[in-house]
Amino acid sequence: MSRPEDSPWAVSVAQVAARAGRSRQVDADFPAPDGIGDTICGVKEGAPVHVSGSFDSIVDGLIFNGHVRAPLHAECVRCLTPISRDLDLDVVAFFPYKPPEEKYHGKEEFVVGEDEEAEEEYPLAEGGAFADLEALLRDELVDALPVKPLCRPDCKGLCPQCGINLNEHPDHHHEVTDFRWSALEEIKRKLEESPEEPGQEGGKPGR
Ligand SMILES: [Zn+2]
Ligand SMILES: [Zn+2]
């Protein structure tokens, strides 16, 4: 049987939880949980996620306030260039001593917080001895994934005609006349020429 403290995301908070007003610093790497994006855009499972911040005990639980940095891999939606950079986010989460079901038992409304800015809630394990960051990291990182990742804000994308990367070839362009126009121009040219050749019907030489 796996114990909560064996989780790679477990943080011992027993000392903090013992009394309100205490604080425990966190400054460590945790493995990225699974399920954060996909192979196109996401954070690879097991990649190092740096978490820094602190657990602070208040009357009914622990508040975690911190910063999360995770390596993101993605593909630019305009030019398809692989992107690798860090996702940086500030995180606030609440770890109540009592599970929400118990805490709000008997109330008509399920009140998560005072307003819509209420932080996410996560349970503590082992009667308050451990906070597990797995669900918190997954939720926060999934939310932070870019919907339309760009290699740079002004990415010029690919040439719609030939697919060349316009960031690398800023002066790239095609002659505006393609074969359809040149065919028309050929007809136009012949029509213009024909009046100068008496005896021939306009524009239909050599049938
Ligand atoms: Zn791009
Ligand atoms: Zn082109």
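Predicted model: local features only at pLDDT ≥ 70, side-chain atom pairs only at ≥ 80, totals over all residues.

Visitor: Which residues of the largest nonpolar core touch the most other members?

Guide: A core of this kind is a set of buried nonpolar residues joined through C-beta atoms within 7 Å. Here the largest one holds 29 residues, and V13, L62, A70 and A131 touch the most other members. At least two residues each are supplied by α1 (14-17), β3 (48-58), β4, β5, β8 and α3 (134-144). The largest share, 6 residues, comes from β4.

Visitor: With which residues is A131 in contact, leaving aside its neighbours within four places in sequence?

Guide: Apart from those neighbours, A131 is in contact with V11, V13, F55, L62, F95 and L124. Two of these partners, V13 and L62, are named with A131 among the residues that touch the most other core members.

Visitor: Let us turn to the backbone. Which phi does L80 have, and where is its place?

Guide: L80 is not a glycine, yet its phi is positive, about 65°. The residue sits in the loop between β4 (61-75) and β5 (82-96).

Visitor: What is to be said of E126?

Guide: E126, also not a glycine, has a positive phi of about 55°. Its loop lies between β7 (124-125) and β8 (130-132). Because E126 has 14 C-beta neighbours inside 10 Å, it counts as partly exposed.

Notes:
Residues numbered from 1 in each chain as written. Chains lettered and ligands numbered in written order. Helix = DSSP H or I, 4+ residues; strand = E, 2+ residues; numbered from the N terminus. Buried ≥ 20, exposed ≤ 12 C-beta atoms within 10 Å, placed from the backbone. Contact = placed C-beta atoms within 7 Å.
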